[in-house]
Amino acid sequence: ANLDNRKTIRILEENLETCRNVFTDFYPIKQPLTAVSVCRIFQSRDEYQTYVGAGLEWSAGMWVSLRKELVVSPMDWGNLQKQREMLVNVVYHEGFHQYIYFATGETNTAIWFTEGTATFFEGIDFKAKGRYDINHTFRQGEIEKLVESGFPPVENMLKMTPGEFVGGNRGQNYAMAWA
């Protein structure tokens, strides 16, 4: 990382590997995980957007399986605590993509599954002695709105390509996949 905030880097270093234990509780890995990959955290949002390129500049982070690299953008809004909180949540989310890629023998899983589950894991709240909770209400408001307006057909989301999923109605798709 070229991120100047050493406290944020320390928190991420401590928790990223611990996240793998949480992921394993839900999705046990069948064989020892020996892969090594990179987690790149940028100093500025502009630097991240240049790195990921056109069409992906909206994202806050991503797992790039071809490079075996997890890339994360710092946030450029809110106070330092909010920026750190969002950065940590993005790392947990993208860390799940990385984990499931290796846990499934380096395959890419269905977009609705991987994004919905990664969104679920954004809410990891580590407790003492290796315990954790998953507190997630981030998408709850979006789900409530969808229920009130008539939930779109789930089968449409299940058939989406990655481009379709992150295209047009991204917020709705992430909320539905999380639900």
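**View 1. The three-stranded sheet.** Two strands count as paired if DSSP finds at least two bridges between them. In this predicted model, three strands form an open sheet in the order β1-β3-β2, with mixed pairing. β1 (38-41) and β2 (61-64) are the edge strands, each pairing on one side only. From one strand to the next, the twist averages 15°. β2 and β3 run antiparallel and are joined by four bridges. Met 62 has Val 71 in β3 as its bridge partner.

**View 2. Helices on the sheet.** Helix α2 (residues 45-52) packs on the sheet and touches β1, β2 and β3. The direction of α2 makes about 140° with that of β3. Helix α3 lies across β1, β2 and β3 and runs at about 15° to β2.

**View 3. The nonpolar cores.** The largest nonpolar core has 26 residues, and those with the most contacts inside it are Phe 23, Ile 41, Val 72 and Ile 124. At least two residues of this core come from each of α1 (6-26), β3 (69-72), α3 (80-103) and α4. The largest share, 11 residues, is supplied by α3. Leaving out residues up to four places away in sequence, Phe 23 touches Tyr 92, Gly 95, Phe 96, Tyr 99, Phe 121 and Ile 124. Another core, of nine residues, lies apart from the largest one; Ile 111, Leu 146, Met 157 and Ala 177 are among its members.

View 4. Thr 114 sits in helix α4 (residues 111-121). Its relative accessible area is 8%, so Thr 114 counts as buried, the cut-off being under 20%. Beyond its neighbours within four places in sequence, Thr 114 is in contact with Phe 96, His 97, Ile 100 and Thr 109.

**View 5. Salt bridge between Arg 40 and Glu 69.** The model has seven salt bridges. In one of them, Arg 40 pairs with Glu 69, with the closest N and O atoms 2.8 Å apart. This pair links distant parts of the chain, since Arg 40 is in strand β1 and Glu 69 in strand β3, 29 residues apart. Arg 40 is partly exposed at 33% relative accessible area, whereas Glu 69 is buried at 4%.

**View 6. Salt bridges of Lys 127.** Lys 127 forms a salt bridge with Asp 125, the closest N and O atoms being 3.0 Å apart. Asp 133 also forms a salt bridge with Lys 127, here with the closest N and O atoms 3.7 Å apart. Relative accessible area is 37% for Lys 127, which is partly exposed. Asp 125, at 28%, is partly exposed, and Asp 133, at 35%, is partly exposed. Elsewhere, salt bridges with shared partners join Arg 40, Arg 67 and Glu 69 into one network.

Conventions. Residues are numbered from 1 along each chain as its sequence is written. This is a predicted model: local features need pLDDT of at least 70, side-chain atom pairs count only at pLDDT 80 or more; totals for chains, interfaces and linings use all residues. Side-chain values use heavy atoms; hydrogens and water are left out. Buried means under 20% relative accessible area, exposed over 50%, partly exposed in between (1.4 Å probe, protein chains only). Contact means heavy atoms within 4.5 Å. A nonpolar core is a set of buried Ala, Val, Leu, Ile, Met, Phe, Trp, Tyr and Cys residues joined through side-chain atoms within 4.5 Å. Axes are lines fitted to C-alpha atoms, for helices over the stretch in contact, and angles run from 0 to 180 degrees between N-to-C directions. A salt bridge is a side-chain nitrogen of Lys or Arg within 4 Å of a carboxyl oxygen of Asp or Glu.
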